[in-house]
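Here is a short report on how two parts of one protein chain meet. Look over the sequence and the model first, then read on.

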Amino acid sequence: MDFTSPSTITLQSFIRDAERRSESSTGDLSKVLLAIALGTKVVSQGVNRAGLASMLGMTGEKNVQGEDVQQLDEYADQVFNAVLGRSGQFVSMVSEERESVISAARGDQFSKYIIAFDPLDGSSNIDVNVSIGTIFGIYKRESSGTAVSESDPSEFFQGGKNQIAAGYTIYGSSTMFVFTTGEGVFGFTLDPTIGEFILTNPDMKMPENGTVYSCNEANSPNWSAGTSKYIEKLKTSGNTQGEKCSHRYVGSLVADFHRTLLKGGIFLYPGDSKNKSGKLRYLYECAPMAMIVEQAGGLATSGEEDISEIVPNDIHQRSPLIIGSKEMVEEFLDFQKNS
Ligand code: P6P
């Protein structure tokens, strides 16, 4: 990495420059993003060394979702709770791994932000060395100026359109931190030799079309007619341009989403006859990805409404998610409407 080159921009300098350009900036959101980036670096180390430090495998516990807790899940949850708590910026937090709202550390009851995060998404892939990730969505608290009562979940029921920032980290062949604060999507790659995130993907845009569809085909017997006919159409006559499509499915939302963001395509985890609300969680999987994809020029829908328009009433609420290239999601919605 040539640090003498002006084109070498670190996450820290990028965030500080954005702060300087904004008259209203207090620097608090910068502290938040840098705290998340710190947590990401620590978790990245843990993920990369898990096999060496016997951190693979399960803890024997089940999380609030009833899923087996992997050791790395627990580790990542502890890391993000620590770095986010210490940032002093959050009045409360929601983690996929915790049943109820995590209240602020003492003295932070008047902080201005709340955050929902999935500390390590894609757990089933951890032990087989497949990409996994962290996902987060940040809101301004609505009850500003007053202390938040213990574990009050209502602050989290604003709807994804109220997010002021969202992002994810993918722990893959490299560790990438991708986020938006509502002014475009930016991707940074961790240079582990110096421990810095370097701007590698400025102003990321979702291709309007794509030739990859991503879904768990094992669920197809339970799909709606609209979903089944749409997938069948992709298989037989291709996308809206008649281009042949391929199926790719990692089973890790961050990995499947990141590929879709870079290459175009459509990811689907729809509701079906067995699970009307699908599997993915609204606050810390669907809503953050929806903010990113909308900022990048793509679309995100539940099949019935824009993801960002949904207002949850439970911190672990699930939602169907169909997300990706604008032309492909629009064609999916046509099939939904006409089936
Ligand atoms: P299935 C991982 O457990 C996860 O929450 C997402 O990362 C992923 O997209 C989905 O579940 C995979 O679910 O049912 O296909 O294994």
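## Polar contacts across the interface

In this predicted model, 13 residue pairs make polar contact across the interface of domain 1 and domain 2, with both residues at pLDDT 80 or more. Salt bridges are also counted between domain 1 and domain 2: there is one.

The model also shows a salt bridge between the side chains of Arg281 and Glu96. The distance there is 2.7 Å, from N to O.

## The face of domain 1

Which strands each supply at least two residues of the side of domain 1 that touches domain 2? They are S3 (90-95), S5 (113-121), S6 (132-140), S7 (163-171) and S8 (175-180). S7 gives the most, with eight residues.

Where do the domains run? The domain assignment places domain 1 at 11-201 and domain 2 at 212-337. Their C-alpha centres lie 23 Å apart.

## Contact and buried area

At the interface, 50 residues of domain 1 are in contact with 33 residues of domain 2. The size of an interface is often given as the accessible area lost when the parts come together. Between domain 1 and domain 2, the buried area is about 2,900 Å². Carbon and sulfur atoms give 65% of that area.

Three residues stand out on the domain 1 side: Ile135, Phe157 and Tyr168. They supply 21% of the area that domain 1 buries against domain 2, more than any other three residues.

Technical notes. Residues are numbered from 1 along each chain as its sequence is written. This is a predicted model: local features need pLDDT of at least 70, side-chain atom pairs count only at pLDDT 80 or more; totals for chains, interfaces and linings use all residues. Side-chain values use heavy atoms; hydrogens and water are left out. Domain bounds come from an automatic or database domain assignment. Contact means heavy atoms within 4.5 Å. Buried area is the accessible area (1.4 Å probe) that two parts lose on being put together, summed over both. A salt bridge is a side-chain nitrogen of Lys or Arg within 4 Å of a carboxyl oxygen of Asp or Glu. A polar contact is a pair of N or O atoms within 3.5 Å; within protein, one must be able to donate a hydrogen and the other to accept it, and residues adjacent in sequence count only if both atoms are side-chain atoms. Helices (H or I, at least four residues) and strands (E, at least two) are DSSP runs, numbered from the N terminus.
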